[in-house]
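Subject: Structure for you to look at

Hello,

Here is the structure I promised to send over. Please open it alongside this note, and I will take you through what turned up.

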Amino acid sequence: MKLKLLAVAVAAAITTPAAFAESSSSVKAGKGITVKTGDTSLNIGGRIQLDADWFDGDAFSKGDVSGSDSEVRRARLFAKGKIGSDWEAKIRADFKEDGSTKVDEAWVKFKGWDFADLTIGTHKANFGLETQTSSKDITAIERTMSSNAFAIGNKKGIALGKANKDYTWGLGVYDLGDEGGHIATGITGRLTFSPINTKEEVFHIGAGFAKQRLAGNEFKNADQRLEVHLADEKAGSGTILGESFTGYNLEVAYAAGPFHAQAEYFDGETDGSNWTNDVDVEGYYAQFGYIITGESRPYSGGKFKRVKPKGKDGAWEVFGRYSQYEPGQDEATAFTLGLNYYANNAIRVGVNYIMGDLEEGGVDKDGDAIAVRVQYVF
């Protein structure tokens, strides 16, 4: 039903009377199809990410056995419209393997103020460099444990923010679900600055905070796999209770020519009130990459984009990442080595080798995994 409604909405937008006026259209690899009529435009696109994981060891699999699986990690379709320079809107559907459909973005944005843009609806809360970078643009196949644990993600809310060439800021309030007949609210903020921002070199720094009321008095985001999505084992699998969670992050990134690096530090704490103890949650990661074929990783609006090949033979990239995550008494680390091939602006193939280590309840666990992704952006 949701798929039918989305198709009807897109068709209606395209076939409005304005669409029959003088218009132009363009199709670009990785950017979908765009139709423009006067000061109105409609962009339709999406992505498909096909993954396969192989893993061995008790850091990834319960019972210390080998395992493997495959999945359609993401299959998304979006329609984004603009009217003049003041109004934007977007709807995006995420299609699941079980046949269900989730609308994970549906927002309207007003851009007519000089000091801020106003966004209302379901959108990504502004927190964290890796979280703000799209899943189609991140260097590794999966985001880090800390980024996933601290992020609020795509939620219904209201946000103010602004981005230009050298800085961004954002502040938002979100609905995190029901809590005793009331909204469990979340508040996020992020500020970034790039004192160096040229085509050849970028230096980025930033900071953010996230305060969330925990629906059900449980910090469910604490449970995180060791950066292999189809693995069974998780860090933080013991229940972490609390009425609220407050988290902070610091972020830094640098890119020069084909070299790029970024790192983030996260620190947070649950508020246990009078009936349970506060629990500390912290983590960090550091990532370094090099594009063998000489391209640079694009940067704008306080985040990075994926590599765009310059030649017909595509672009090759190697990278390494170290990630540590400590939810309560658990401690998890993941070291990832990766190779990416960008065939063109739409197709990318990635291979990651992950070494994981998990200390849980005084027991040390380790393991190895290989993850492969084929991505098509249209």
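Glu-251 has a relative accessible area of 3%, so it is buried, the limit for that class being under 20%. Please keep in mind that this is a predicted model. The side chain of Glu-251 meets that of Arg-190 in a salt bridge, with N and O 2.7 Å apart. Since Glu-251 belongs to strand S12 (residues 244-256) and Arg-190 to strand S10 (residues 182-197), the pair ties together parts that are 61 residues apart in sequence. Arg-190 counts as buried too, because its relative accessibility is 5%.

**Other salt bridges**

The structure holds 21 salt bridges. Here are two further pairs to look up. Arg-306 forms a salt bridge with Asp-137, and their closest N and O atoms are 2.9 Å apart. This pair links distant parts of the chain, 169 residues apart: Arg-306 sits in the loop between strand S16 (303-304) and strand S17 (315-327), while Asp-137 sits in the loop between helix H2 (129-132) and helix H3 (145-150). Both of these residues, Arg-306 and Asp-137, are buried.

The other pair is Arg-373 with Glu-142, a salt bridge whose closest N and O atoms are 3.6 Å apart.

Which residues form the positive surface patch? They are Lys-28, Lys-31, Lys-36, Lys-305 and Lys-308. Lys-31 is in the loop between strand S1 (24-28) and strand S2 (32-37). With a relative accessibility of 47%, Lys-31 counts as partly exposed.

You will also find a negative surface patch, formed by Asp-56, Asp-64, Glu-331, Asp-357, Glu-359, Asp-364, Asp-366 and Asp-368. At least two residues of the negative patch come from each of strand S19 (347-360) and strand S20 (363-377). S20 provides the largest share, three residues. Asp-357 has its place in strand S19, and at 33% relative accessibility Asp-357 counts as partly exposed.

**Aromatic rings**

A search of the whole structure finds 11 aromatic pairs. In one of these pairs, Phe-110 and Trp-113 are arranged edge-to-face, at 5.3 Å centre to centre and with 80° between the planes. Trp-113 counts as partly exposed, because its relative accessibility is 35%. For an aromatic cluster, select Phe-127, Phe-150, Phe-219, Phe-245 and Phe-266, which form one together.

**Backbone angles**

Two residues of the loop between S11 and S12 may interest you. Asn-217 is found in the loop between strand S11 (201-213) and S12, and it has a positive phi of about 55° although it is not a glycine. Glu-227 lies in the loop between S11 and S12, and its phi is positive as well, at about 65°, although Glu-227 is not a glycine.

Gly-301 and Thr-168 are 133 residues apart in sequence, yet 6.5 Å apart in space from C-alpha to C-alpha. Gly-301 lies in the loop between strand S15 (299-300) and S16, and at 33% relative accessibility Gly-301 counts as partly exposed.

For another distance, take Lys-102 and Val-318: these residues are 216 apart along the chain, and 34 Å separates their C-alpha atoms. Lys-102 is found in strand S6 (residues 101-110). Lys-102 is partly exposed, with a relative accessible area of 49%.

Happy browsing, and do write back with any questions.

Best wishes

How values were computed: Residues numbered from 1 in each chain as written. Predicted model: local features only at pLDDT ≥ 70, side-chain atom pairs only at ≥ 80, totals over all residues. Heavy atoms only, no water. Patch = residues over 30% accessible without salt bridge, like charges linked within 9 Å, V, L, I, M, F, W, Y side chains within 5 Å. Areas by Shrake-Rupley, 256 points an atom, 1.4 Å probe, with all protein chains shown as cover. Salt bridge = Lys/Arg side-chain N within 4 Å of Asp/Glu carboxyl O. Lys, Arg positive; Asp, Glu negative; His and termini not counted. Charge placed at Lys NZ, Arg CZ, Asp CG, Glu CD. Helix = DSSP H or I, 4+ residues; strand = E, 2+ residues; numbered from the N terminus. Buried < 20%, exposed > 50% of the residue type's maximum accessible area, 1.4 Å probe, protein only. Phe/Tyr/Trp six-rings, centres within 6.5 Å; stacked < 30°, edge-to-face > 60°.
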